[in-house]
Amino acid sequence: MKQYDIASIGGDGIGPEVTAQAMRILDAAAEQFGFSLKIQDYPLGTDYYLANNEIFPSSIFEECKQQHAIFLGAIGDPRVPVGMIEFGIIAKLRFELDLYINLRPVKLYDARLCPLKDKTPEDIDMLIVRENTEGAYSGMHGFAHKGQPLEVATQTMVYTREGVERAVRYAFELTKTRAERKVTLVDKANAIRAQDIWTRTFAEVAAEYPDVATDHAYVDAACMWMIKNPEWFDVIVTPNLFGDIITDLGASLQGGMGIAASGNIHPGQVSLFEPIHGSAPKHAGKNVASPVAAIMAASMLLDYVGEKEAGAAIETAIVDLVRDGSIRGVSTAMHRTDEVGDMVLERMRSTAGV
Ligand code: IPM
Ligand code: MG
């Protein structure tokens, strides 16, 4: 029997609650599809930091590296400075594990969840490939004359040929799983001239995929088209910062933070899966947060490690429950957190006839 080693980091706020549901579903999928999971729970997050004065001990980090995949619930807590835990955990994992793809499926499961009028699941089905280790996030910044009237602050956007090419190539390869087979480059090369490297690299890689259609949109226009004509998009590839922004826009098209999941991926190596929502401290511990996004992240995780059927079964259960109205919505307090977990488990079992 195949065994997968999974690190589970519940994190802050609602993170542990939604993670608990995702882990229940993973266990059920393992049983149903005949593989085994060794899930190691790591209590990292703000409480851990406050108790130990260390965010991510290197011994735990080394253990995480040995897993097939890592699951992360949510990070962030008002008791510590903004960004501290985010960077100590998410950014550390992204950079030190070189998770160069941030993959965010934007798929509408039912028109009821979409804030746009007259848009259906046929219209909203795209995969956003966000470059995940470079650009404005590469960390190169500085301050001169800090605190003085003439202070200067800079942050450098960094693009390497290899970094751009591997993201673009990943996007083109993804079209093999798609019916439409189109890649749209979203950038701002007309204003940010360094992004010409994206324009050139995209054209070169596209030439290797003559049967894949290509398109281009500047990021400002892309925001408009994603709202007006989301059906135009299939696979999108974009630099890190724009990817951060348009994937939240994408999440709202599919029903919001309660449903959107993502993978931080280095193909062939340990990769990280997370719901894209934050830790929502005010809802923590109340059993009211939607675990759907976390469960969808678990589905992506299984797909990634190679258990494609199991991953798809989880997604199908969610789609069915949303479409038949059992899951009434994915915003806070629509359901109890564990009630949604119960429903997904039950649906997976009944679909499998067990
Ligand atoms: C995301 C988040 C992170 C990002 C934050 C938490 C640093 O918004 O995963 O999109 O900006 O990448
Ligand atoms: Mg973001």
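**View 1. D110 and the residues it touches.** Welcome to this predicted model. Leaving aside residues up to four places away in sequence, D110 touches P121, V322 and R323. D110 itself sits in a loop, the one running between β4 (101–107) and β5 (125–131). Is D110 buried or exposed? Its relative accessibility is 18%, so D110 counts as buried, the cut-off being under 20%.

**View 2. The largest pocket and what surrounds it.** This view takes us to an open space of about 770 Å³, the largest pocket. Its lining is made up of 28 residues, and those nearest the centre are L103, P105, L127, M300 and D303. Several elements come together here: β4, β5, α5 (161–174), β11 (261–265), α9 (292–305) and α10 (308–323) each supply at least two residues of the lining. Which helix gives the most to the lining of the largest pocket? That is α9, with five residues. Sorted by class, the lining of the largest pocket holds 17 nonpolar, four polar and seven charged residues.

**View 3. The largest cavity.** Rolling a probe the size of a water molecule over the atoms shows where empty space is left. In this model, three cavities of 30 Å³ or more are counted. The largest cavity has a volume of about 40 Å³. To find the largest cavity, look for the residues that line it: G135, A136, M157, Y159, Q195, P239, N240, L241 and F242. How many residues of this lining are nonpolar, polar and charged? The lining of the largest cavity divides into six nonpolar, three polar and no charged residues.

View 4. Our last stop looks at C64 and C114. With a relative accessibility of 0%, C64 counts as buried, because the limit is under 20%. A search of the whole structure finds zero disulfides. C114 is accordingly in no disulfide, and the nearest cysteine sulfur, that of C223, is 16 Å away. For a pair of cysteine sulfur atoms to count as a disulfide, they must be within 2.5 Å. C114 has a relative accessible area of 9%, so C114 is buried too.

Definitions and conventions
Residues numbered from 1 in each chain as written. Chains lettered and ligands numbered in written order. Predicted model: local features only at pLDDT ≥ 70, side-chain atom pairs only at ≥ 80, totals over all residues. Heavy atoms only, no water. Helix = DSSP H or I, 4+ residues; strand = E, 2+ residues; numbered from the N terminus. Buried < 20%, exposed > 50% of the residue type's maximum accessible area, 1.4 Å probe, protein only. Contact = heavy atoms within 4.5 Å. 1 Å grid on protein atoms, 1.4 Å probe; cavity = no way out; pocket = protein on both sides within 12 Å on 5 of 7 lines; lining within 4 Å. Points joined across faces, edges and corners; volume = space filled by probe spheres on them. Nonpolar A, V, L, I, M, F, W, Y, C, P; charged D, E, K, R; others polar.
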